[in-house]
Amino acid sequence: LMALLWGIVKICSSQNLVPNYSFENYIKCPVDFQLEYAKPWFSPTIDAELFNECDTVYYPNGQGVPQNAWGNQSARTGKGYAGFYAITPPFPGIRKYLTVKLDSILVAGRNYCAEFYLSLGDSCTIGVSSIGIYFSNDTAKGTSGSNVLNNYSPQILNSAEKFLLDKIYWMSVSGTYLAKGGEQFITIGNFFDDTNTTTEPAIGGTLDWAYYYIDDVYVGDCIGMGIQNFSNTFNFSIYPNPNNGNMTLEYTISEGNKGEFI
């Protein structure tokens, strides 16, 4: 086990360039829906939401964790996460995005890996696939009178065939980006207008929208993507993943069975 953990430490020791990547730090408990409380994150259009266990004032219809106005979901790591609308068909053109300035400017010609985790809100009747990350030198801005950033093309985009419909488990969106140099901001969300956004029915829900919780955003060396390749012959979790070398390994396995990391 010690040899295994040493290998994991070597894999996961890369620096994450995303500050406050798990939305744990806040200047004020989010009881009024503002992402800006999780500085340096902000919304380039209308405000996205911040959630944390600290909100007990408006429980269960506020910004709490796990239960809040959009559903019930535990944080993937820590006590908080953020959230945003990907599409709201009854109200055309409504989008929310999350933007943050990276800790370091990206170097031209260098490959960076990016990853974040999503979970669909329980209240949603639909989900989408078209969610991605846009890297930029300056803050992304919408066109006049629009909340949709369809004037930008995300360099990392979830597969069009992979609809993000899970309301129980966190879903990974990831990819690699070859930097042009000078990029220092990332913006996350749906960069397609309503006409070009394909939806898929979700199980349960009462409201015709796609709202996603988001946690554990990563940009950095690809070695920092955490543990991706394994033979899942037993139930386990390693968190946080990726991490700075400090982590917890939890597993359950029946007596006499074996589990193997590759």
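My entries below cover confidence, disulfides and nonpolar cores.

**Confidence**

I am working with a predicted model, so I checked pLDDT before anything else. The chain has a mean pLDDT of 86, and 79% of its residues reach 70 or more. I then looked up where the values fall under 50. Residues 2-13 are one such stretch, and the model gives this stretch 19 contacts beyond four places in sequence. Residues 227-234 also have pLDDT below 50, with 20 contacts beyond near neighbours in sequence.

**Disulfides**

How many disulfides does the count come to? I found two disulfides. With bonded cysteines counted along the chain, the pattern reads 1-2, 3-4.

I took C29 and C54 to start with: their disulfide has an S to S distance of 2.1 Å. The torsion about this S-S bond is about 105°, so I noted the disulfide of C29 and C54 as right-handed. Where do the two cysteines lie? C29 is in the loop between α1 (2-11) and β1 (49-52), while C54 is in the loop between β1 and β2 (67-68). The pair therefore ties together parts that are 25 residues apart in sequence. C54 has 25% relative accessibility, so I put it down as partly exposed.

Next came C113 and C222, joined by a disulfide with S to S 2.1 Å. The angle about the S-S bond is 90° here, and the link of C113 and C222 is right-handed. This pair links distant parts of the chain, 109 residues apart: C113 sits in strand β6 (residues 111-120), and C222 sits in the loop between β13 (210-220) and β14 (235-239).

Are C113 and C222 buried or partly exposed? C113 counts as buried because its relative accessibility is 7%, under the 20% cut-off. C222, at 35%, counts as partly exposed.

I also looked up C124, which has 0% relative accessibility and so counts as buried.

**Nonpolar cores**

The largest nonpolar core has 53 residues. Which residues have the most contacts inside it? I listed F23, W41, L118, I186, Y212 and I214. Strand β13 gives this core its largest share, seven residues.

Leaving aside neighbours within four places in sequence, its contacts include F84, L118, L120, V128, I131, L164 and M171. Glycines turn up as well, among them G83 and G127.

My last entry is a second, separate core of seven residues. Y134, L149, Y152 and F191 are included in that second core.

Methods
Residues are numbered from 1 along each chain as its sequence is written. This is a predicted model: local features need pLDDT of at least 70, side-chain atom pairs count only at pLDDT 80 or more; totals for chains, interfaces and linings use all residues. Side-chain values use heavy atoms; hydrogens and water are left out. A disulfide is a pair of cysteine sulfur atoms within 2.5 Å. Helices (H or I, at least four residues) and strands (E, at least two) are DSSP runs, numbered from the N terminus. Buried means under 20% relative accessible area, exposed over 50%, partly exposed in between (1.4 Å probe, protein chains only). pLDDT is the predictor's confidence in each residue, from 0 to 100. Contact means heavy atoms within 4.5 Å. A nonpolar core is a set of buried Ala, Val, Leu, Ile, Met, Phe, Trp, Tyr and Cys residues joined through side-chain atoms within 4.5 Å.
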